[in-house]
Structures are given as structure tokens and as C-alpha cells.
Amino acid sequence: MRRMMVLYLALIAALPFAVLAAILPINSYRAQGNEALDCDGPMSVLIFALPVLLIYGAGAIQLYRVRRRRFHLAAALCCLLVFCAVGWNAATALLESYGDASIEACS
């Protein structure tokens, strides 16, 4: 019981970082309407996304292992949704940072 409480507190504490990692734009210039290359954009997403992916991935696994309670199963599904949303933004940030234009201009 105490272990689950610590897990839920860690998930709640990481929620603001998860929101940031999910909604930060990959290219802040493109978000403003300019077609310019942003060399720091992908790293600003990944610096929030990697810890969030670890926390919510581990949380989903731990909560799914004790799925005999419906609340734990629902929380595991919510962790999986957050993991997928942040993972999608992190994957697009990686694709942006390894593009042909960014390799030449941002080295």
C-alpha cells in the first residue's frame, strides 16, 4: 500500500513536466510562423521528455502488474496515454534534429 502511494505521488509530481514535454513545440520559429531552423528546439523537448518517459513507462508497468483493482488498471492506462503523447513529441523532435538541414546547419 505504501509503495503504491509513493508511485502515485511520483506520477502526480511528474505531471507538470509531462504536460510541458507533450505541448512544447519542436521548432519554436515554426510555431511563430517563420520557416527557420531551430537548433535548440529538439533538445528543449527531449530534456523534459526523457525523464517523463522513464517515470510514466515504469509507472504503467508497475500499475499494470497489480491490475486486480480497477483503479490501478485505469491509472495504468492513463500512464500509457501520457507515455504515448510524450513519446510522439519526443520522436518527432528526434526526427527534426536528425534531418538533413539540421545536420548541416546546427553542427
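Leaving aside neighbours within four places in sequence, which residues is H72 in contact with? They are M4, Y8, L63 and V66, where contact means heavy atoms within 4.5 Å. The views below start with the whole chain and then come back to H72. A note on the source: this is a predicted model, in which local features need pLDDT of at least 70, side-chain atom pairs count only at pLDDT 80 or more, and totals for chains, interfaces and linings use all residues. Residues are numbered from 1 along each chain as its sequence is written, and side-chain values use heavy atoms, with hydrogens and water left out.

**View 1. The overall layout is helices, with 5 of them and 0 strands.** Read along the sequence, the pattern is α-α-α-α-α. Helices (H or I, at least four residues) and strands (E, at least two) are DSSP runs, numbered from the N terminus. Of the 107 residues in the protein, 31% are buried; buried means under 20% relative accessible area, exposed over 50%, and partly exposed in between, using a 1.4 Å probe and protein chains only. Take the contacts with a separation of 6 or more: residues 24 or more positions apart account for 70% of them.

**View 2. H72 sits in helix α4, residues 70–97.** With 10% relative accessibility, H72 counts as buried. Its side chain makes a polar contact of 2.7 Å with the side chain of Y8. For the record, a polar contact is a pair of N or O atoms within 3.5 Å; within protein, one must be able to donate a hydrogen and the other to accept it, and residues adjacent in sequence count only if both atoms are side-chain atoms. L63 has H72 on its own contact list too, along with M4, L7, Y8, L11, A75, A76 and C79, again leaving aside neighbours within four places in sequence.

**View 3. Helix α1 has a kink of about 40° at L15, shortly before the proline P16.** The bend at a residue is the angle between axes fitted to the seven residues ending there and the seven starting there. What about the end-to-end length? At 1.5 Å a residue, the 22 residues of α1 (residues 2–23) should span 32 Å, and the end C-alpha atoms are 32 Å apart, so the two agree. That expected span is 1.5 Å times one less than the number of residues. The buried residues here include M4, L7, Y8, L11, A14, A18 and A21. An α-helix has 3.6 residues a turn, so residues three or four places apart point the same way.

**View 4. Y56, in helix α3 (residues 41–65), is the focus here.** Y56 has a relative accessible area of 5%, so it is buried. A polar atom of the Y56 side chain lies 2.6 Å from the backbone oxygen of L11. Not counting residues up to four places away in sequence, Y56 touches L11, A14, L15, A18, C79, V82 and F83. Y56 and C78 are 22 residues apart along the chain, with their C-alpha atoms separated by 9.2 Å.

**View 5. The largest nonpolar core has 23 residues.** A nonpolar core is a set of buried Ala, Val, Leu, Ile, Met, Phe, Trp, Tyr and Cys residues joined through side-chain atoms within 4.5 Å. The members that touch the most others are M4, Y8, L11, Y56, L63, C79 and V86. Helices α1, α3 and α4 are the elements that give two or more residues to this core, and α3 gives the most, with 8.

**View 6. By the ring-centre rule, there are 2 aromatic pairs.** Rings of Phe, Tyr and Trp (its six-membered ring) pair if their centres lie within 6.5 Å; planes under 30 degrees apart count as stacked, over 60 as edge-to-face and the rest as tilted. Y8 and F71 make a tilted pair, 5.5 Å centre to centre with 50° between the planes. Y8 lies in α1 and F71 in α4, so this pair ties together parts that are 63 residues apart in sequence. Y8 is buried at 16% relative accessibility, whereas F71 is exposed at 59%. F17 and F48 make a stacked pair, 6.1 Å centre to centre with 20° between the planes.

**View 7. N89 is another residue of helix α4.** At 9% relative accessibility, N89 counts as buried. Leaving aside neighbours within four places in sequence, N89 is in contact with A21, A22, I23, L24, I26 and V45.
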